[in-house]
Amino acid sequence: MKIDIVTIFPDFFRGPLDHGIIRRAQEAGLAAIEVHDLRAFAHDRHKTVDDRPFGGGEGMVLKPEPIFECIEGLKVQPRAERIAAHAKAAAAKQSVVLLSAQGARFNQGVAEQLAALERIVLICGRYEGVDERVGQHLADRELSIGDYVLSGGELGAAVILDAVTRLIPGALGNEASTRQESFTMSAERGASESANSTCASGGLLDYPHYTRPADFRGLQVPEVLVSGNHEQIRRWRRRSALEKTLRNRPDLLERVALGDEDKELLARIAGKEER
């Protein structure tokens, strides 16, 4: 996968690109990541990339000229072709993403969509915002990592970069890890002969994890996890995932398909809370 990042602070990405899964993915040839300094595409003496907003108001706005010149120089698919490909779903190969507080919320499903592409370009917004013509006529997606305002899109780009890179086949040592995490919708779940795949999240929060020692300062690991009974472990994990989701993110329960077992477990959880 090819990933381009457009920013006025290219040095910001030295940390995110040099560690962990992102570094290993690059070293393995699974991801080619390049950071582009937007100021290199501003041709006045002061390398100006922003200006005052028309109509008045606070702050400065990133100018369209250097952003358009940069993206066009990257030789990505024309916007019309990208949008048409996205509409067909399976045919999409590239995407130009504008990071913005006004964008659609980034989530695991969007990460999976982006990870299936051949190329992504991430445009980092700054200041008061980006000239609207960038979002309307250059980018095909506008994304936000949450309902809050950051100083710029660099942090959001780093989050998306990490979430997407770890989904590239081969980037993780154990690919099953990405199928059993919080929010992952695509995984099949059910009983198994081995405990390592007993409870995919199915769009819920992940179940609790424990490791050695089994007794830490008198705090015991749940007995079921050391019982060796894979079916009991699977059921405990599913119930625990439902409990944590109900407690921390009840909105997720409205978005996922709950089976009969899930409904039974939720009823028991609710009954326990009522007592």
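I looked up Phe13 and got 1% relative accessibility, so Phe13 counts as buried (buried is under 20% relative accessible area, exposed over 50%, partly exposed in between, with a 1.4 Å probe and protein chains only). Phe12 is partly exposed, at a relative accessible area of 33%.

Before going on, I noted that this is a predicted model, where local features need pLDDT of at least 70, side-chain atom pairs count only at pLDDT 80 or more, and totals for chains, interfaces and linings use all residues. Residues are numbered from 1 along each chain as its sequence is written, and side-chain values use heavy atoms, with hydrogens and water left out.

Tyr210 and Trp236 make a tilted pair, with 6.5 Å centre to centre and 55° between the planes. Tyr210 is in the loop between α7 (154-165) and β9 (215-216) while Trp236 is in helix α8 (residues 230-248), so this pair ties together parts 26 residues apart in sequence. (Helices, H or I with at least four residues, and strands, E with at least two, are DSSP runs numbered from the N terminus.) Tyr210 is partly exposed at 45% relative accessibility, and Trp236 is partly exposed at 22%.

**Strand β1.** Why is β1 (residues 2-7) largely enclosed by the rest of the structure? I found that 5 of its 6 residues are buried, so that is the reason. Next I checked its partners (two strands pair if DSSP finds at least two bridges between them). β1 runs parallel to β2 (residues 32-37), joined by 6 bridges, and Val6 has His36 of β2 as its bridge partner. β1 also pairs with β6 (residues 119-124), again parallel, over 5 bridges; there Ile5 stands opposite Leu122.

**Pocket.** I used a 1 Å grid over the protein atoms alone: a pocket is an open set of points where a 1.4 Å probe fits, with protein on both sides within 12 Å along at least five of seven lines, and lining residues have an atom within 4 Å of a point. The largest pocket is lined by 26 residues, and Leu99, Ser100, Ala101, Gln102 and Gly125 lie nearest its centre. β5 gives the most to this lining, with 5 residues.

How values were computed
Rings of Phe, Tyr and Trp (its six-membered ring) pair if their centres lie within 6.5 Å; planes under 30 degrees apart count as stacked, over 60 as edge-to-face and the rest as tilted.
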